[in-house]
Amino acid sequence: MTLYGLFVLIHVIAAVVGLGASFGMPVVAKFGAKSVTNAKVCFEINKKIEVFAKVGSITLLASGILMAIINPTLWSQGWFIGSLIIYVLIQPIVAGMLPKTIEKQVNIVMNSNDGELSPEYHQLDRKAAKLNGIAHVAAVVLIVLMSTKPF
């Protein structure tokens, strides 16, 4: 296996681990959080899953750039440049807006008595769902670009 091939393998594994975790976290939050008690458990589970999403995302970026250093022709490929642009553009959502929204939900839940989730929690949940939807669409577009290399 070449060094480039090794980075491709690392890149694919990082995609599976990181994106799998990123797609799984909202499912845990949405379908597991039916009460304050359940929401607390869901947030603890997602805190553990988030490690995979973060490590996968950073590994994806690093391995992609290392592949481009080894194979500089990637810098002239539209699909590669487009993928980098999408990755950078989605970061304010996945690294800023979404964590802040979830942090507000966590604060609501941790400061609540056991019982039903508040309307404010559900409002934040809808916002998080929209942000996750945008992130998931971006992830699918990235996967399509990297798999098909259309331009």
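Guide: Rings of Phe, Tyr and Trp (its six-membered ring) pair if their centres lie within 6.5 Å; planes under 30 degrees apart count as stacked, over 60 as edge-to-face and the rest as tilted. The structure holds three aromatic pairs. This is a predicted model, in which local features need pLDDT of at least 70 and side-chain atom pairs count only at pLDDT 80 or more, while totals for chains, interfaces and linings use all residues. Residues are numbered from 1 along each chain as its sequence is written, and side-chain values use heavy atoms, with hydrogens and water left out.

Visitor: Why is the pair of F43 and Y121 called edge-to-face?

Guide: The ring centres of F43 and Y121 are 6.4 Å apart, and their planes stand at 75°, so the pair is edge-to-face. The pair links distant parts of the chain, with F43 in helix α2 (residues 36-70) and Y121 in helix α4 (residues 119-148), 78 residues apart. Helices here are DSSP runs of H or I with at least four residues, and strands are runs of E with at least two, numbered from the N terminus.

Visitor: What makes F43 count as buried?

Guide: Buried means under 20% relative accessible area, exposed over 50%, and partly exposed in between (1.4 Å probe, protein chains only). F43 has a relative accessible area of 10%, and is therefore buried. Y121, at 3% relative accessibility, also counts as buried.

Visitor: How do you know that W79 and F80 form an edge-to-face pair?

Guide: The rings of W79 and F80 are 5.9 Å apart from centre to centre, with 85° between the planes. Both residues, W79 and F80, are buried. W75, W79 and F80 form one aromatic cluster.

Visitor: Why is Q105 called buried, and which residues does Q105 touch?

Guide: The relative accessible area of Q105 is 3%, so Q105 is buried. Q105 is found in helix α3 (residues 78-110). Contact means heavy atoms within 4.5 Å; not counting residues up to four places away in sequence, Q105 touches F43, Y121, L124, D125 and A128.
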